[in-house]
Amino acid sequence: MRRSVKVCRKCGASMPDDAVYCMKCGEKLEEERNCPNCGNSVPEGAKFCFMCGKKLPLVLEASPASDFEYRKIDSGTVTIRKYNGSSDNVVVPDLIENAPVTKIGVDTFNGCSRIVTINLPQSVLEIGNSFCSGCISLTSINIPSGVMELGDYAFFECTRLASIIIPDTVAKIGSKAFYNCSNLASVVTPEGLTEIGSDAFNGCERMTSLRIPASVSKIGIRAFSGCVRLESAVIPNGVTELGVGVFADCRALRNVVLPDSLKSIFGGDLSQSATFRGCENISVAYKGNIYDYEHIHDLYNAVNSSEG
């Protein structure tokens, strides 16, 4: 039977599984952990499981409380107000002064251009506006399952963020939440989502497909404008209005399914940008009835002319 080994997190040396201290640098060795895929015992520091070969999730130590400005609330919880540390990989602790961290405040990581990963504890229930705005090096972040809203400008111009999973508890994605996230190709949207704010995904150039949950009833203006690789979209039944420029300049958009519930398709007068302006190759499937002649005219022009 193959014996496992322990890997020193300080110097990377491999030690026998019964070693307590590293024989190379003297660092105390960590206990083993289990592979989340097959359950096999693996040493701390291992990148792949010896049994199933699957890549192991990165384990990082919590950032010290001194890296954060925070406020302890009378209710016995902590709000993180600002990150002042220098690490590229931030792990927000779940407890500070023996109180759970439940809120990440407005602008907490705003402009922290060197941060690559952020790990939030499951105790977090609220995330403030602009909390990660301008984190241009950010590639990975988790959204805890208790969060109910992604605020305005949450990931504004996080240009290296490629994918994100939004938990089912999130009901609203705020205005410009993912504005100009030019590398964002994969977004898992929750079943309980009801509102997508204005410009929420404007400029997400790598997004190729879009699944909007049936629970969504409101889509803000220019929500998906400039998603130049977006090829298809299905608007769920229950949406009554598509605002100005929702899919403007989505040049690759070919197939759109509109619901019977739709009553208005541009949300303004004809002097404003059409819902599908610049979508030169679009084919729209629609079985409902839009009684306002101007709305029908707007749709016809949007589909048949790049100038709307």
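The following legends describe close-up views of a predicted model. Residues are numbered from 1 along each chain as its sequence is written, and side-chain values use heavy atoms, without hydrogens and water.

**View 1. The largest nonpolar core comprises 66 residues.** Such a core is a set of buried Ala, Val, Leu, Ile, Met, Phe, Trp, Tyr and Cys residues joined through side-chain atoms within 4.5 Å; buried denotes under 20% relative accessible area (1.4 Å probe, protein chains only). The members touching the most others are Phe109, Phe155, Phe178, Phe224 and Phe247. At least two residues of this core come from each of strands E6 (78-83), E9 (99-104) and E21 (255-258); strands are DSSP runs of at least two residues, numbered from the N terminus.

**View 2. Surroundings of Phe224.** Beyond its neighbours within four places in sequence, Phe224 is in contact (heavy atoms within 4.5 Å) with Ile196, Phe201, Leu210, Ile212, Ile219, Val246, Phe247 and Cys250.

**View 3. An open sheet of three strands, ordered E7-E10-E12, shows parallel pairing.** Pairing requires at least two DSSP bridges between two strands. Strands E7 (89-91) and E12 (140-141) form the edges, each pairing on one side only. Three bridges link E7 to E10 (residues 117-119) in the parallel sense, and Val90 has Ile118 of E10 as its bridge partner.

**View 4. The hairpin of E5 and E6.** Strand E5 (residues 68-72) pairs with E6 in the antiparallel sense over five bridges. Lys72 has Val78 of E6 as its bridge partner. Five residues lie between the strands, and Gly76 in this hairpin adopts a positive phi near 90°.

Technical notes: Predicted model: local features only at pLDDT ≥ 70, side-chain atom pairs only at ≥ 80, totals over all residues. Buried < 20%, exposed > 50% of the residue type's maximum accessible area, 1.4 Å probe, protein only. Helix = DSSP H or I, 4+ residues; strand = E, 2+ residues; numbered from the N terminus.
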